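Here's a quick tour of a protein with a ligand in place. Have a look at the sequence and the model, then read on for the contacts worth checking.

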Amino acid sequence: MKILVINSGSSSLKYQLIDMETESVLAKGNCERIGIENSNFIYKAHGKTIEQQVDMPNHNVAVQLVLKKLMDKDVGVISSMSEIDGVGHRVVASGEAFKKPTLVTPESMELMEEIKDLAPLHNPAAIVGIKACLLEMPDTPMVLVFDTGFHFTMPDYAYMYAIDYAHYEKYKIRRYGAHGTSHKFVAQEAAKYLKKDLKSLKIITCHLGNGSSITAVNGGECIDTSMGFTPLAGVPMGTRSGDIDYSAAEYLAKKEGLSVSEMLNYLNKKCGVLGVSGVSSDFRDLSNAANNGNRRAELALNMFTYGVKKYIGAYAAALNGVDVIVFTAGIGENDDVVRSKSLQGMDYLGVKLDEKKNASCPRGVIAEIQAKDSKVKILVVPTNEELVIARETMLEAKLG
Ligand code: ADP
């Protein structure tokens, strides 16, 4: 059983072909700069990486290139398209239109069109990617897997905004969250690793990457999450502001003469640790700068770790305690200083890090980094969003 996972951006298309018997990646890569000059095709298989400058005027050509490479007699991993049993498409926003993974059908595609403007940068790109795949593989079952899906178990008092209820009903404005596939995966992995029933655990999952979100998972179900209607909310991120008083945004927009969409672009692209530090959105650059005495880089890092800590505290309250704290994604898996600072001064919760284990935490595997006398387990769990999408695709398309 082989599942192709597709993640389409407006000018990119990431792909992975996963063998579901072993849950291993057969081939993966990225089509970059689709529709832009100098498009780039990256293909990784058999331990080798191939990078080619190929003209990719649109997503259709990109999908054709991917399939051709997967079937290539020298570097390919399948001999015919019929070996691809299903395709899972990552979709960023679902609104309330989709509450679970859903088969691609004319009806579901119509709904996708209707909710396009919920994520104007991402959802239209997903539609383009799906259509491109349908052209090449019209008979292969395809499934929409939403970043928001895992968060639909939140109770209404957690997902509602305190706005006029009529506006919630009319426009479905509420908290949806994001990174759902990652939060779900690492919570499951943590329970498996600890040999505990997921249903018995209170877990706080910290997905800290370019975009960061924190989720409270009770018995395997999300009960709250830090991102909101869009991924702009929550802790400060690489370039996103995170939580901010809207009056401050209005005040700044007036002072700088920015329109609403220009303001949103500013909050999404020019703020976060990049905006505060003036150095970079990448945490490696930030810690280098902070270590060399850059005060604003240090401030940005402090704001980030303080933000993570506040959410952990809030979710410990929401969960009435916490058994496991999980760190994942680029920063969560690799940055021991961020992990350590985010957990400082939490002894009252029974959270105690083993600084040595934390600093020497191996990469790419699950690691347990709490001190012996910590009441709470602290785990670093590598995420695998593509695998979750592939698993959901198998389930929804009733494959296997
Ligand atoms: P996304 O998938 O949201 O683009 P990732 O989960 O790949 O993001 O995380 C990317 C971020 O991870 C980078 O911006 C960088 O700040 C951080 N990162 C990656 N490796 C390291 C590392 N070794 N140390 C500190 N931060 C790292």
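Let's start with D282: an N or O atom in its side chain sits 3.4 Å from an oxygen atom of the ligand. On the nitrogen side, a ligand nitrogen has a polar side-chain atom of N334 at 3.5 Å. On its own the ligand would expose 580 Å², and the protein buries 69% of that (Shrake-Rupley areas, 1.4 Å probe).

A word on the ground rules: this is a predicted model, with local features needing pLDDT of at least 70 and side-chain atom pairs counted only at pLDDT 80 or more, while totals for chains, interfaces and linings use all residues. Numbering runs from 1 along each chain as its sequence is written, and side-chain values use heavy atoms, leaving out hydrogens and water.

## The shell

Which residues are around the ligand? They are G209, N210, G211, D282, F283, R284, A329, G330, I331, N334 and D335, each with a heavy atom within 4 Å of the ligand. Sorted by class, that's three nonpolar, five polar and three charged residues, with Gly put among the polar ones, Asp, Glu, Lys and Arg as charged, and Ala, Ile and Phe among the nonpolar ones.

Two or more shell residues come from each of α10 (283-291) and α12 (329-334); α12 gives the most, with four. Helices here are DSSP runs of H or I with at least four residues, strands are E runs of at least two, and both are numbered from the N terminus.

## Helix α1 and its packing

Helix α1 covers residues 59-70, and its 12 residues reach 16 Å from first C-alpha to last, close to the 16 Å expected at 1.5 Å a residue (1.5 Å times one less than the residue count). N58 caps the N-terminal end, with a side-chain oxygen 3.1 Å from the backbone nitrogen of N60.

In strand β1 you'll find S8, which counts as buried because its relative accessibility is 7%. Beyond its neighbours within four places in sequence, S8 is in contact (heavy atoms within 4.5 Å) with L13, H59, H122, A125, A126 and G129.

Note on methods
Polar contact = N/O pair within 3.5 Å; in protein donor to acceptor, adjacent residues only side chain to side chain. Buried < 20%, exposed > 50% of the residue type's maximum accessible area, 1.4 Å probe, protein only.
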